[in-house]
Amino acid sequence: LVMKFGGTSMGSAERIRNAAALSAEQARLRPTVVVVSAMSKITDLLLEGLRRAEAGDRKGLDERLGELSARHRDTCVDLLEGSACDKGLAAIDSLVGEYERLANGILMLGERPLRSVDEAIAIGERLSAMLLAAYLQAEGVNAEPVNARDIVVTNAVFGGATPLVPQ
């Protein structure tokens, strides 16, 4: 079974708990894969940060970075406890750091290469996947976050790639 949860379903700790409960229920019945979107409004935030970087607006970029980090850290603290929370916060810091590295490259270049944009906006889904998997694990469900780039092969048309599916 493949289950898909969009941005609204991943938009808060409460909604992530609901998505996790539905996922865990189905996982008890059959093999299950869960696909998640970025938390609501996060893709827009990521894109705006890249636009600010391209325009040379360090302050605007830093504001978006702070908002990205705070939103996910707050959700993590609401969702997880103890060492699971500590591990989640470290993973958030790492993923936000990846976004910051990409955005800093754009800031230095003064342009947004499509490959960098694709990598940067995927951070939103990766953050959601990490939070959901961490919560499921804390609830005793076998779950692992998977980066789509590790399992989906696409053509090299950055900004509009198409999956390559064996015939």
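The model is predicted: local features need pLDDT of at least 70, side-chain atom pairs count only at pLDDT 80 or more, and totals for chains, interfaces and linings use all residues. Residues are numbered from 1 along each chain as its sequence is written, and side-chain values use heavy atoms, with hydrogens and water left out.

**Largest pocket**
- The largest pocket has a volume of about 1,300 Å³ (a pocket is an open set of points on a 1 Å grid over the protein atoms alone, where a 1.4 Å probe fits, with protein on both sides within 12 Å along at least five of seven lines; the volume is the space filled by probe spheres set on the points, joined across faces, edges and corners).
- Of its 39 lining residues, Val 146, Asn 147, Ala 148, Arg 149 and Val 152 are the closest to the centre (lining residues have an atom within 4 Å of a point).
- Two or more lining residues come from each of α1 (13–27), β2 (33–36) and α5 (114–138) (DSSP runs numbered from the N terminus: helices, H or I, at least four residues; strands, E, at least two).
- The most is given by α5, with 11 residues.

**Second largest pocket**
- The second largest pocket has a volume of about 200 Å³.
- Its lining includes Ala 84, Lys 87, Met 130 and Glu 144, and α4 (82–109) and α5 each supply at least two residues.

**Strand β1**
- Val 2 lies in strand β1 (residues 2–5).
- Val 2 counts as exposed because its relative accessibility is 60% (exposed means over 50% relative accessible area, with a 1.4 Å probe and protein chains only).

Conventions. Buried means under 20% relative accessible area, exposed over 50%, partly exposed in between (1.4 Å probe, protein chains only).
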